[in-house]
Amino acid sequence: MGDLFKKIIKKILSLGGYEIKPKAKKPPSPIHLWDNDRDFNIIYDNISKFTIASKQRCYVIYQFLKQCSSVSGEIAEIGVFKGGTAYLINKVLIDTNKTIYLFDTFSGSPKADHEKDPFYYENEGMFSDTSLDSINKMFSNQKNVIITQGEFPKTSNIIQEKYFSFVHIDVDIYKSIMECCLFFYNRMNVGGILLFDDYGDLSCPGAKEAVDEFFSDKLENPIYLPTGQSFIIKVNKK
Ligand SMILES: C[S@@+](CC[C@H](N)C(=O)[O-])C[C@H]1O[C@@H](n2cnc3c(N)ncnc32)[C@H](O)[C@@H]1O
């Protein structure tokens, strides 16, 4: 129906005292829980300026954190940048006794391999527009949050003896992701989750390569999510 015709019909009906009501918008199916979950949205409104992770990805992290609060072990995030997902982690776990360890160079991505990570090789030093200072301020009153600057795993001394229930690995490039797998795999408690942010990201082919290579001889099989993330649940201690 043309617009002019619609307008004429509307006018005629209105003269007769009738009104055409606009069709009610159908809610999306399957439901968008990330839009409906009130507690999540309160947190998300505070972090959207400080994260490059999409709302759906943040909602995945949020749900894993709720699950992990009943698994023993600490929490780590490698790849903090401006602190958005780290803030989410702290908010959800604030009433638990877990320590949250945050690692980043806070001066941009380390050197990438030109074949495995061509985008990062071309764009060396991405994510340098942040600082340790700004992250220290963000968590200034949080005794349970420990922030370490530098290239992981060179900075891993403080967690050598720790075990984990949830680790968010958001470091984009092959070498960083492989180093995280090598460090954390044997330090995950049973039921603990390793979540890889960049697995399906076309600009990070090295992420998928590292995860697939590392888990090719392990019991755990990386599970791919429509958000582009993937995760494993640790099935036994070693
Ligand atoms: C995509 S950003 C993280 C995004 C962040 N989670 C958010 O909420 O927006 C990736 C970060 O990983 C960091 N990174 C990459 N490899 C690293 C490594 N080996 N050690 C420490 N930081 C690393 C970079 O400095 C960068 O800040």
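T99 is buried, at a relative accessible area of 18%, where buried means under 20% relative accessible area, exposed over 50%, and partly exposed in between (1.4 Å probe, protein chains only). The structure is a predicted model, in which local features need pLDDT of at least 70 and side-chain atom pairs count only at pLDDT 80 or more, while totals for chains, interfaces and linings use all residues. Residues are numbered from 1 along each chain as its sequence is written, and side-chain values use heavy atoms, with hydrogens and water left out.

T99 belongs to the loop between helix 5 (84-93) and strand 2 (100-104); helices (H or I, at least four residues) and strands (E, at least two) are DSSP runs, numbered from the N terminus. For I75 and Y163 the corresponding values are 8.6 Å in space and 88 residues in sequence. I75 is part of strand 1 and counts as buried, at 0% relative accessibility. A further pair is P205 and Y120, whose C-alpha atoms lie 10 Å apart although the two are 85 residues apart in sequence. P205 lies in helix 9 (residues 205-215) and is partly exposed, with 36% relative accessibility.

We now turn to the ligand. It is surrounded by 21 residues, the closest being T51, D104, F152, D170 and S176; a residue is counted here if one of its heavy atoms lies within 4 Å of the ligand. This shell is made up of seven nonpolar, nine polar and five charged residues, with Ala, Val, Leu, Ile, Met, Phe, Trp, Tyr, Cys and Pro taken as nonpolar, Asp, Glu, Lys and Arg as charged, and the others, Gly among them, as polar. A polar side-chain atom of S176 is found 2.8 Å from a nitrogen atom of the ligand, and a backbone N or O atom of G79 is 2.9 Å from a ligand nitrogen atom. At G108, a backbone N or O atom lies 3.3 Å from an oxygen atom of the ligand. Of the 610 Å² of accessible area that the ligand has on its own, the protein covers 99%, as computed by the Shrake-Rupley method with a 1.4 Å probe.

The ligand sits in the largest cavity, that is, more than half of its atoms lie within 2 Å of the grid points of that cavity. A cavity is a set of points, on a 1 Å grid over the protein atoms alone, where a 1.4 Å probe fits but cannot get out.

Some backbone details are also worth a look. Most residues other than glycine have a negative phi, and most peptide bonds are trans. F152, one of the residues closest to the ligand, is joined to P153 by a cis peptide bond with omega of about 10 degrees. P153 is located in the loop between strand 3 (145-149) and strand 4 (164-169). Another cis peptide bond, with omega of about 0 degrees, links S29 and P30, and P30 falls in the loop between helix 1 (3-15) and helix 2 (33-36).

Positive phi values occur at F81, near 50 degrees, and at D172, about 70 degrees; neither residue is a glycine. F81 is placed in the loop between strand 1 (74-78) and helix 5 and is buried, with a relative accessible area of 14%. D172 is in the loop between strand 4 and helix 8 (174-184), and it too is buried, at 7%.

Notes
A polar contact is a pair of N or O atoms within 3.5 Å; within protein, one must be able to donate a hydrogen and the other to accept it, and residues adjacent in sequence count only if both atoms are side-chain atoms. On a 1 Å grid over the protein atoms alone, a cavity is a set of points where a 1.4 Å probe fits but cannot get out, and a pocket is an open set with protein on both sides within 12 Å along at least five of seven lines; lining residues have an atom within 4 Å of a point.
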